[in-house]
Amino acid sequence: MKEEIIQLSIPTPFAVGDVHAYVLKGEAVTLVDCGPMTQEAQHAFVTQLQEHHLSIDDIDQVVLTHHHADHVGLLNMMKPHVRVIGHQLNEPYISQDSAFKQRQIDFMDRFFQQLGVPLRQGECERIVKQSYTYSCTAHVNDIIKEGDRLKGHEHFLVMETPGHAQSHLSFLDETTGNFIGGDLLLTTISSNPLMEAPDEGKERQQSLLQYKASLHRLLRLPIKTIYPGHGQLITSHHELIEERFKKQEKRANTMYQLLKRKEMTAFDLCRTLFPVLYEEALFLTMSETVGQLDVLLAAEQIEEVQKDGILYYRAKE
Ligand SMILES: [Zn+2]
């Protein structure tokens with residue numbers, strides 16, 4: 001059966017603009033992502049469903065591409081029978097688990113100090129709490145993982161595509177080449193590989209390295225059209241991915257050149273690379289900086305030394 005994919009565009013209070021949710025009409029009526037928990041988003045969501053002769057009651061299940069607030073907030077509107085399906089790492093975020101939030105705050109406090117960020121009192125707590133402002137309180141009912149099939153839409157293959165989020169999944173319809181990509185690849189902006197608190201006792205994941213691997217994987221897939229989480233549909237993803245790689249290489253090289261001149265902390269680098277943005281978007285810009293440092297470390301172009309609990313980076317001879 002040919003699958004119908006309906007795109008809904010829902011406003012967000014974020015700089016990225018609208019977020020796209022998708023309704024799949026197959027053996028089940030499935031919503032992929034929703035929108036942030038705002039009145040505007042609720043209104044747009046209901047109205048656009050109506051335009052397609054649907055209501056909230058028609059939705060059987062919601063599949064999540066990842067846990068960010070602009071993709072999950074409206075889970076709060078779903079009827080009790082609706083099953084929430086996604087990567088297991090969504091759970092602590094979408095349920096707003098308080099012990100997990102504290103772990104996120106502690107991780108950021110510790111890591112940012114090592115990275116040389118002059119933190120104001122309570123700043124990490126503020127950043128972490130802010131990330132939940134438009135989110136939901138829900139639970140993952142069915143965990144899916146790499147290689148699974150979407151229930152009710154068996155031709156959709158589940159793929160783990162981490163980097164932008166550790167919980168990030170994408171869905172490839174092998175019969176049509178349609179690919180529901182969440183925030184893996186967007187036309188309007190390059191997706192940020194965000195830092196996340198690791199599982200207890202585990203090391204932090206290297207988000208940019210993961211993200212690059214996910215993009216490399218995209219290049220090898222039989223994709224015709226990407227249905228993204230924001231912006232236009234993508235039909236020439238190879239070109240766009242090459243562009244993203246080039247931009248990343250350029251940034252890595254700029255950092256390498258800076259580190260050839262002198263030893264710097266991640267925060268020094270962040271301020272130099274993003275002199276305008278770094279204050280208001282500290283978490284985003286630090287995530288990007290740490291990501292590039294991971295890439296340069298993995299390529300053995302730079303090295304890391306610790307002095308008095310602070311990490312310094314320098315180019316290798
Ligand atoms: Zn996102």
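1. Domain bounds here come from an automatic or database domain assignment. On that basis the protein has domain 1 (5-94 + 136-235), domain 2 (97-134) and domain 3 (249-301). The C-alpha centres of domain 1 and domain 3 lie 29 Å apart.

2. On the basis of the model: it is predicted, local features need pLDDT of at least 70, side-chain atom pairs count only at pLDDT 80 or more, and totals for chains, interfaces and linings use all residues. Residues are numbered from 1 along each chain as its sequence is written, and side-chain values use heavy atoms, with hydrogens and water left out.

3. On the interface of domain 1 and domain 3: the two bury about 940 Å² between them, with 66% of it on carbon and sulfur atoms. Buried area is the accessible area (1.4 Å probe) that two parts lose on being put together, summed over both. On the side of domain 1, Met-195, Leu-208 and Leu-209 lose the most area to domain 3, together 51% of what that side buries.

4. Contact (heavy atoms within 4.5 Å) links 9 residues of domain 1 with 11 residues of domain 3.

5. The count between domain 1 and domain 3 is 1 salt bridge, the term meaning a side-chain nitrogen of Lys or Arg within 4 Å of a carboxyl oxygen of Asp or Glu. The side chains of Arg-204 and Asp-294 form a salt bridge at 3.0 Å, N to O.

6. On the metal site: His-66 (NE2), His-68 (ND1), His-164 (NE2) and Asp-183 (OD) coordinate the zinc ion at 2.1 to 2.4 Å. Donors are N, O and S atoms within 2.8 Å of the metal (3.2 Å for Na, K and Ca); water is not among the atoms, so sites may look incomplete. The spacing of the donor residues in sequence is H-x1-H-x95-H-x18-D.
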